[in-house]
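Here is a short briefing to read with the structure open beside you.

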Amino acid sequence: MDQRTAAASDRLVCITSDAHIGTFAMDFEKYLDPDMRPAYRERYDAMKNFLGANGEPDVAKLLAAMGDNDSFNIIGEILRPDIIERQQADRRRFLMKHFGDEGALTTLSTGGEGDPKRQVRELEADGTVGGICLPQASPFGFGKMTPAEAKAGADAVNRWVADFVSVAPDRHAGAFTISLEAGMDVAIEQVKWCRKNGLRGGLLLDTNPEVKGLPLYNARYWDPLWEVCADHDVVVNLHAGAGPRIPQRGAQVLWTIDNRWFMSRPLRYFIMGGVFDRCPKLKVMFIECNASWAIEEVRLLDAVCSGDWERVESANRQFFHMKINHDDSDVDWKVHMLRTAKATLKKAPSEYCRSNVWFSITASPEEWDARKYFGADRLLWGSDYPHNESTWPHSMEQVKKTIDKCNVSKEDARQILGANAAKLWEFDLAKLQPIADRVGPSFN
């Protein structure tokens, strides 16, 4: 079966662009170099003291140990307990119906994030044939790390991910991490190792590098990393919430609000920083952050680069206003600023988005309507499996409602639900189509 035959099939290949693997309490010892195992064992034994009765981390204890008693549990703080209880009851019924057991069910887990065979079955039950696997655990993730621990931790995670995806290599694309704390040269070698060892799901980076004392993404410091990613066809993945939190007073509210800013800022910095001009083959993916917000961001950048001062002034008036007499010199100043901004780029900001940037969406109508601005080829569907706020295990029901409401064509649905992911992360649609014929949706 070739790609054209797969595309013509009645059943759609659904590949989630947002699936997570790894647990807080998993043991990485065998994936570490022998000289790092004693330090890890000491850290791991200490970490177990911060597990609750359900095997999940007790966030209040963790933050207290880090010097702050302002707890932040993203699920427990944002969602009401009655909502979580209903969700868990629904998930329990689903797992019992399809598997005869409830796995390792918690608010962030089903069991499949640690077991590749189980994950395949749980994704299939949700109409999904496979997906990108984003690691969410680290050997030295609890507390501060030395450069040696950072390198050892990233290497161990990547070795484990390589093992995980090797069980079903046609259905799992493993993402990987790097240790910039150990230096750019080390990070570049890690990218090469991961690509050589079958990890095609891309590089997972923090959204707020400055918290670790690193430059923002418009800095030329990053150019060697962008170049090696482009040369090895590695997608740079920026996932909402990926990066260290600062556990200070008000963390719950501040993190929730800042999360949008931490995702929108890299988009602006990649574009206006000339990153895509210096590295035109670089691919950047924004995961679990919607896409509708980016429309206004890009329109504003286009306005700056096209010399539309009125739009720029309108967008910024709420923050500042230039108290300058409106004479010819004032007009010259504004025109000069906009011309300078335009001169720094080879293309309009919106053009970079349509050549170098992709967005992961879920099932809300405003997300799917973003295809009208960016194009259906820029959007990839993701379920956020297995987290409690995900669409799993009712993804296809929710997607069907949105497709109907937004009048999404069959071709656009085919692209967004799977074909774009297949192209970006090298899935073979011909191999996945027979599985989709068994478990995938038709949306007739």
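In this predicted model, Lys151, Ala154, Asp155, Asn158 and Arg159 of helix 7 meet Val186, Gln190, Trp193 and Cys194 of helix 8.

**How the two helices lie**
- Helix 8 covers residues 184-196, and its axis comes within 11 Å of the axis of helix 7.
- The two axes cross at roughly 10 degrees; because angles under 35 degrees count as roughly parallel, helix 7 and helix 8 are roughly parallel to each other.

**Helix 7 itself**
- Helix 7 runs over residues 147-166, which makes 20 residues.
- From first C-alpha to last, helix 7 reaches 29 Å, close to the 28 Å expected at 1.5 Å a residue.
- Of its 20 residues, 14 are buried, so helix 7 is largely enclosed by the rest of the structure.

**A residue to look at: His172**
- His172 sits in strand 3, which spans residues 172-174.
- Is His172 buried or exposed? With a relative accessibility of 2%, His172 counts as buried, because the cut-off for buried is under 20%.
- Its side chain makes a polar contact with the side chain of Gln119, at 2.9 Å.
- Leaving aside residues up to four places away in sequence, His172 touches Pro116, Gln119, Val120, Gly131, Cys133, Phe164, Val165, Arg200 and Phe427.

How values were computed. Residues are numbered from 1 along each chain as its sequence is written. This is a predicted model: local features need pLDDT of at least 70, side-chain atom pairs count only at pLDDT 80 or more; totals for chains, interfaces and linings use all residues. Side-chain values use heavy atoms; hydrogens and water are left out. Helices (H or I, at least four residues) and strands (E, at least two) are DSSP runs, numbered from the N terminus. The expected span of a helix is 1.5 Å times one less than its number of residues. Buried means under 20% relative accessible area, exposed over 50%, partly exposed in between (1.4 Å probe, protein chains only). A polar contact is a pair of N or O atoms within 3.5 Å; within protein, one must be able to donate a hydrogen and the other to accept it, and residues adjacent in sequence count only if both atoms are side-chain atoms. Contact means heavy atoms within 4.5 Å. Axes are lines fitted to C-alpha atoms, for helices over the stretch in contact, and angles run from 0 to 180 degrees between N-to-C directions. Angles under 35 degrees count as roughly parallel, over 145 as roughly antiparallel, 65 to 115 as roughly perpendicular and the rest as oblique.
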